[in-house]
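Please read it alongside the sequence.

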Amino acid sequence: MAFDIEMIKKVYETMPERVNKARELVGRPLTLSEKILYSHLWERVPSQKFERAKDYVDFAPDRVACQDATAQMALLQFMHAGKEQVAVPTTVHCDHLIQAKVGAEKDLAVANTQSKEVFDFLSSVSNRYGIGFWKPGSGIIHQIILENYAFPGGLMIGTDSHTVNAGGLGMLAIGVGGADAVDVMSGMAWELKFPKLIGVKLTGKLNGWTAPKDVILKVADILTVKGGTGAIVEYFGEGAKSMSATGKGTICNMGAEIGATTSTFGYDDSMRRYLAATGRQDVVDAADQVASYLTADPEVYANPEQYFDQLIEINLSELEPHINGPFTPDRGTPVSKMKEEAASNGWPLKVEWGLIGSCTNSSYEDMSRAVSIVNQAVANNITPKAEFGINPGSEQIRYTIERDGIIEAFEKMGTKVFTNACGPCIGQWDREGADKQERNTIVHSFNRNFSKRADGNPNTHAFVTSPEMVAALAISGRLDFNPLTDTLLNDNGEEVKLTPPYGDELPTKGFDVEDPGYQAPAADGSSVQVVVSPESQRLQLLEPFQPWNGQNINGAKLLIKAEGKCTTDHISMAGPWLRFRGHLDNISNNMLIGAINFFNKEANKVKNQIDGTYGEVPAVQRQYKAAGIPSVVVGDHNYGEGSSREHAAMEPRHLGVKAVLVKSFARIHETNLKKQGMLGLTFANEADYDKIQEDDTINFLDLTKFAPGKPLTLEFVHADGTKDTILANHTYNNSQIEWFKAGSALNLIAAGK
Ligand code: MIC
Ligand code: SF4
């Protein structure tokens, strides 16, 4: 039986009435995304039509998921909300804090010792408040969600940007910061600007070396890292039906990389098969009763251009395998063009490592298709040229692939099998030699490849591709190997051509597992003690942020003018810093240390306007704070792209930065800034970015008149006494302005407002 099946049945019972009402209000056939949104309104039955990209709407998500690296801050905040129990089904997953080094068994034991305090905290808070807890080693949050909790037509939020993975089962699953999760766990509405809709029509059928991953690598190439901002991507067409549910999950997962709010697919047979194989025939039976509500109205897919804001068409039969990177997931290169591209850009051609796993590609199907390539290498006497590592997505997958001989086949090739966890994908990789900072290339099936992300080495060129291509490239040891046309030399000096991958979508003998690693919460947790030691270096209880003093901000200093890409990895780096995710003061020592200073093109070196020296960003900011001087951060486009980590907003807030002024924001980060009581502003005129100088002092002229839709006026006083007055736009609505005034959204919840 599925978890929370009664809740799921209730969603289906209420769906027809709500969707029918919405169709009447909107006055035309509905997309799937609209059906899910309109059937999850806080007001229950819809009473008005919403305008896309304009109206803020209150929603009632069905469930919440948190992973260990973000759950600490989310739950520390939730503890302030004064509730006895979470209001909707919620789970916590331990997956980010486990380092990959020698292999699963030893690495997990090390993590359980090193992060014991954090795991114990998460386990006891979960037990206290009625939250399902998935222990370290149980798997990566998004695979566990897909295997256990996702259901067609549902709406969920999760404190991780790849929550969107659950779109593979026809959900709308959306990544948020911890403060948003706290709203929903506390029984309040969750607010989102009604998204725009991008339709992707998939014709033809995947074949040969092409995999679902290539669909999203192609879409990322078309839309770029910010092309999906504020939009839901809805996939449909014959090509969509021919893909597995986990393959659909891969596509939705990487929708985070184009900034999309989420992505989804209509309910189909692939979802029925996956639900049944993962023990949820009850969900299939319930969903089948309302099947027409779990996909768009037929008119929509017949004439998509009338219903979507943007339409993309991809013919799967013609799609080539793609290899995206380095340093950004939207730089797509079809395999046939790689020789040329790699040579003209001088990318290191030798592949040092091939890594298969991460939440986007760690399903049974992924492992079974990748191993079909590995098996060919072994059978043909080819010694792989690169090292190999895999992270299975969940204990259920690991157990099943071990039973089916897949692990053994990987190991024949010297593959390291790491813990069922994020591992190298988030810098939890103790890669030998990474500290030498040599230029090198790795290929992986993850979703992100920002600088330093996997091994901390800024010279590692990481390329994202499908698991089967990772296997082929790692075996050949070359980035420009094209398995469709090229041959490999085996150990006997013979030429061998690899044949295309094949594999089972689902295990023919069914999934199996001995201990999935789940801990159910106490039925009544009121007596459970949650202890945080005041001496802890890993956890720190939160102090409420101070409310706004009602005055204009005057005499603020420019902390940094960040140039170019500034993702949440640049603002609050992961890897070794993950251990401080529950300790705001300690983690604040990584604030913006990866951002490039426009004025000297260096990272973590900014001018201290108090004494004119140059120092590390957090250190300089701590001096401003100690001197009671406010500060402002200036940034470029798509600032805060990537992760949902609210630390990227809480750290500047904690250290006394007042405003972040950029050309444009990534959605989750903008909301995180608002929730934490910061000013997130955008240049009304982008060219004003060029006017900002290193020694600037900033005065807010009309913050006392802060109101929705009204730009703020900022005066930049330069060192020579001249001034530039510029306009800064913002997207705060009335209630968000209240968060700013109160010091944070949480301060309002705690005050019972
Ligand atoms: C990531 O992939 O960057 C992470 C680590 O999963 C983050 C969450 C985090 O920073 O904890 C995400 O994607 O939201
Ligand atoms: Fe974990 Fe990587 Fe997925 Fe983030 S993207 S949840 S770090 S596997």
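In this predicted model, a polar side-chain atom of R645 is 2.5 Å from an oxygen atom of ligand 1, a polar contact being a pair of N or O atoms within 3.5 Å. On its own, ligand 1 has 340 Å² of accessible area, and the protein covers 97% of that (Shrake-Rupley method, 1.4 Å probe).

The model is predicted, so local features need pLDDT of at least 70 and side-chain atom pairs count only at pLDDT 80 or more, while totals for chains, interfaces and linings use all residues. Residues are numbered from 1 along each chain as its sequence is written, chains are lettered from A and ligands numbered from 1 in the order written, and side-chain values use heavy atoms, without hydrogens and water.

**Ligand 1**
- A backbone N or O atom of S644 lies 2.8 Å from an oxygen atom of ligand 1.
- The side chain of R448 has an N or O atom 2.9 Å from an oxygen atom of ligand 1.
- Ligand 1 is surrounded by 14 residues, the closest being D160, S161, R453, S644 and R645 (a heavy atom within 4 Å).
- By class, the shell around ligand 1 has two nonpolar, seven polar and five charged residues.

**Ligand 2**
- The residues around ligand 2 include H96, H142, D160, H162, C359, C422, C425 and R453.
- By class, the shell around ligand 2 has four nonpolar, five polar and two charged residues.

**Cysteines**
- The whole structure has zero disulfides (cysteine sulfur atoms within 2.5 Å).
- C566 is buried, at 2% relative accessible area (buried means under 20%, with a 1.4 Å probe and protein chains only).
- The closest cysteine sulfur to that of C566 is in C425, 19 Å away, which is too far for a bond.
- C359 also counts as buried, at 7% relative accessibility.

Key:
Ala, Val, Leu, Ile, Met, Phe, Trp, Tyr, Cys and Pro count as nonpolar, Asp, Glu, Lys and Arg as charged, and the others, Gly among them, as polar. A polar contact is a pair of N or O atoms within 3.5 Å; within protein, one must be able to donate a hydrogen and the other to accept it, and residues adjacent in sequence count only if both atoms are side-chain atoms. Buried means under 20% relative accessible area, exposed over 50%, partly exposed in between (1.4 Å probe, protein chains only).
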